[in-house]
Amino acid sequence: YSVNDALELLKELIAIPAMSGAEEKRADLIASVLEESGHEVMRVKNNVWAKGKNFDPNKPVLLLNSHLDTVKPAPGFTFDPFLPFEKDDRIFGLGTNDAGASLICLLMTFLKHSSLPTAHCLLFLASAEEENSGPNGMQLALKHIGKIDCALVGEPTEMQMGIAQKGLMVL
């Protein structure tokens, strides 16, 4: 996959409406990319994941994760939020930043490195219902994907590494 492939995949993703709980078509897209690259795809509801081709459960597992869903478009959009376009070297559309770009970057990283021999195993997860902390998102996926030793989670942070989160309470 090239940078252009990643950009085109991001645009394709953004063109698919996917509010929390309604990510089926985005999940289908990610599953098809994983399958086309020769990975066995697992899925529960709208959560899609795949293990690296050299997955060894005795090695530490590094999870690459970001979410599929978006919030509803705000009424102030001055363009169709599901018709992505480029302007000044940027891609515009609902969910480009939160978290389509992270999702596609992590997917491309997984595809590039998933068959390399390493001291750890890669696991990629495109999770659902992040925007509303829904019960059919990460909470459900974690029951199925097995052990994780470390995770890299894609979420917009103004290009600053986040090592923890505070201020969120899910009841």
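Is Gly146 buried, partly exposed or exposed? Gly146 is partly exposed, with a relative accessible area of 46%. Here, buried means under 20% relative accessible area, exposed means over 50%, and partly exposed is in between (1.4 Å probe, protein chains only).

The model is predicted: local features need pLDDT of at least 70, side-chain atom pairs count only at pLDDT 80 or more, and totals for chains, interfaces and linings use all residues. Residues are numbered from 1 along each chain as its sequence is written, and side-chain values use heavy atoms, with hydrogens and water left out.

**View 1. Gly146 and Lys11.** Gly146 sits in the loop between α4 (138–145) and β7 (150–153). Helices (H or I, at least four residues) and strands (E, at least two) are DSSP runs, numbered from the N terminus. Lys11 is found in helix α1. Lys11 counts as buried, at 17% relative accessibility. Leaving aside neighbours within four places in sequence, Lys11 is in contact with Pro84, Glu86 and Ile91. Contact means heavy atoms within 4.5 Å. Gly146 and Lys11 are 135 residues apart in sequence. In space they are 31 Å apart, C-alpha to C-alpha.

**View 2. Helix α1 against helix α2.** Two packed helices are described by the angle between their axes and the distance between the axes. Axes are lines fitted to C-alpha atoms, for helices over the stretch in contact, and angles run from 0 to 180 degrees between N-to-C directions. Helix α1 covers residues 3–14 and helix α2 covers residues 24–36. They pack at an angle of about 155°, with their axes 9 Å apart. α1 and α2 are therefore roughly antiparallel to each other. Angles under 35 degrees count as roughly parallel, over 145 as roughly antiparallel, 65 to 115 as roughly perpendicular and the rest as oblique. The crossing of α1 and α2 is right-handed. A crossing is right-handed if the near helix is turned clockwise from the far one by less than a right angle, and left-handed if anticlockwise. From α1, the contact uses Leu9, Glu12, Leu13 and Ile14. From α2, it uses Arg26, Leu29, Ile30 and Val33. By class, the contact of α1 with α2 has six nonpolar, no polar and two charged residues. Ala, Val, Leu, Ile, Met, Phe, Trp, Tyr, Cys and Pro count as nonpolar, Asp, Glu, Lys and Arg as charged, and the others, Gly among them, as polar.

**View 3. Helix α2 against helix α3.** Helix α3 covers residues 96–113. α2 and α3 pack at an angle of about 15°, with their axes 11 Å apart. They are therefore roughly parallel to each other. The crossing of α2 and α3 is right-handed. Ile30, Val33 and Leu34 of α2 make the contact with Leu103, Ile104, Leu107, Phe110 and Leu111 of α3. This contact of α2 with α3 has eight nonpolar, no polar and no charged residues.

**View 4. Helix α1 against helix α3.** α1 and α3 pack at an angle of about 135°, with their axes 10 Å apart. That makes α1 oblique to α3. The crossing of α1 and α3 is right-handed. On the α1 side are Ala6, Leu9, Leu10, Leu13 and Ile14. They meet Thr96, Gly100, Ala101, Leu103, Ile104, Leu107 and Met108 in α3. By class, the contact of α1 with α3 has 10 nonpolar, two polar and no charged residues.

View 5. Most residues other than glycine have a negative phi, and most peptide bonds are trans. Phi of Asp88 is near 50°, a positive value. Phi of Asp89 is near 65°, also positive. Asp88 is placed in the loop between β4 (85–87) and β5 (90–92). Asp89 is placed in the loop between β4 and β5. Asp88 counts as exposed, at 67% relative accessibility. Asp89 is exposed, with a relative accessible area of 80%. The peptide bond from Asp98 to Ala99 is cis, with omega near 0°. Ala99 lies in helix α3.

View 6. The structure holds zero disulfides. A disulfide is a pair of cysteine sulfur atoms within 2.5 Å. Cys121 is buried, with a relative accessible area of 2%. Cys150 is partly exposed, with a relative accessible area of 45%.
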